[in-house]
Amino acid sequence: MSGKSINLVFLGAPGAGKGTQTKRLIKNFHFTHLSTGDLLRKLIVEKHPLGIKAKSFMDEGSLVPDSLIIDMIKTQMTKKKGYVFDGFPRTLAQAEALDQITNIDKVVFLDIPQKEVIRRLTGRRICRKCGFEYHVEFLPSKKGKVCEKCGGNLYQRDDDKEGVIKKRLSVFTSLTTPLIQYYENKLLRMQAIGTVEEIYKKITEGLNLSS
Ligand code: AP5
């Protein structure tokens with residue numbers, strides 16, 4: 001399969017590794033990355049009215065209203081094929097709206113135990129300047145709270161605090177897991193435990209992707 005001719009959805013609980021894996025895929029294949037979480041965070045930094053509206057939902061671990069998300073995705077889609085959707089759709093209404101816009105070929109479901117999610121997300125630290133992601137346990141910065149690469153300050157996402165992570169997980173269970181059945185015929189389910197490299201290999205093999 002070639003990235004130009006297919007659309008992929010990455011489904012998974014918060015911290016399952018959707019962002020990590022999709023960023024690798026777009027580096028190696030011809031996909032356009034559409035991450036609703038990244039798009040929303042950019043709108044917040046830009047103080048865009050949609051970002052201001054979305055922030056309170058994100059900070060408390062709730063989903064941003066479907067209408068806002070669907071409109072945002074529509075403005076980003078300039079072609080029919082070649083997308084990797086990361087963290088979208090997250091509700092049945094979003095999945096149905098996406099089906100009106102384009103056809104999805106495969107859905108990768110990254111399956112992860114909740115205990116591992118807490119470990120991954122509470123330890124994540126991000127550079128405010130260059131966006132590089134560290135982890136206090138798996139990938140600590142040699143300069144402590146400062147980025148090794150650019151000297152920027154490291155911060156923790158507001159929604160990566162344990163209480164908010166638990167809310168995000170419960171929202172995932174109630175609103176997003178119905179998509180597993182919705183996409184039953186297109187689903188590639190895989191355990192998202194192991195190294196980033198091991199999981200990436202399983203994904204590319206499962207999708208039959210070759211560069
Ligand atoms: P979003 O940004 O999409 O967050 P999320 O999916 O809840 O969680 P993450 O992005 O943290 O998880 P991920 O699976 O991408 O994992 P990652 O690769 O980053 O959404 C944020 C908020 O925006 C939502 O709560 C909601 O409010 C709103 N929103 C977004 N989309 C929406 C939509 N469609 N509808 C409505 N609202 C929406 O990895 C996580 C950590 O684990 C990193 O530190 C990473 O380095 C580490 N890691 C990854 N893989 C491994 C591995 N194999 N081993 C060890 N560590 C690993």
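Reply: In this predicted model, strands β2 and β3 run parallel and are joined by four bridges. Within this pairing, H33 stands opposite V84 in β3. Strand β3 also pairs with β1: these two run parallel as well, and three bridges join them. Here V9 is the residue that stands opposite F85 of β3.

The side chains of β3 may be considered next. Y83 and F85 point one way from the strand, whereas V84 and D86 point the other way, and all are buried. In general, side chains in a regular strand alternate between the two faces of the sheet.

Helix α1, which spans residues 18-28, has K18, Q21, T22 and L25 as its buried residues. These residues lie on the same side of α1 because they cover an arc of only 95 degrees around the axis. As a general rule, an α-helix has 3.6 residues a turn, so residues three or four places apart point the same way. The buried residues of α1 pack against β3 (83-86), and also against β1 (8-12), β2 (32-35), β4 (106-111) and α9 (196-207).

A search of the whole structure finds zero disulfides. The sulfur of C130 is 3.7 Å from the closest cysteine sulfur, that of C127, which is too far for a bond. C150 is likewise in no disulfide, its nearest cysteine sulfur, in C127, being 3.5 Å away.

Methods:
Residues are numbered from 1 along each chain as its sequence is written. This is a predicted model: local features need pLDDT of at least 70, side-chain atom pairs count only at pLDDT 80 or more; totals for chains, interfaces and linings use all residues. Side-chain values use heavy atoms; hydrogens and water are left out. Buried means under 20% relative accessible area, exposed over 50%, partly exposed in between (1.4 Å probe, protein chains only). The arc is that of the directions from the helix axis to the C-beta atoms. Contact means heavy atoms within 4.5 Å. A disulfide is a pair of cysteine sulfur atoms within 2.5 Å. Two strands pair if DSSP finds at least two bridges between them.
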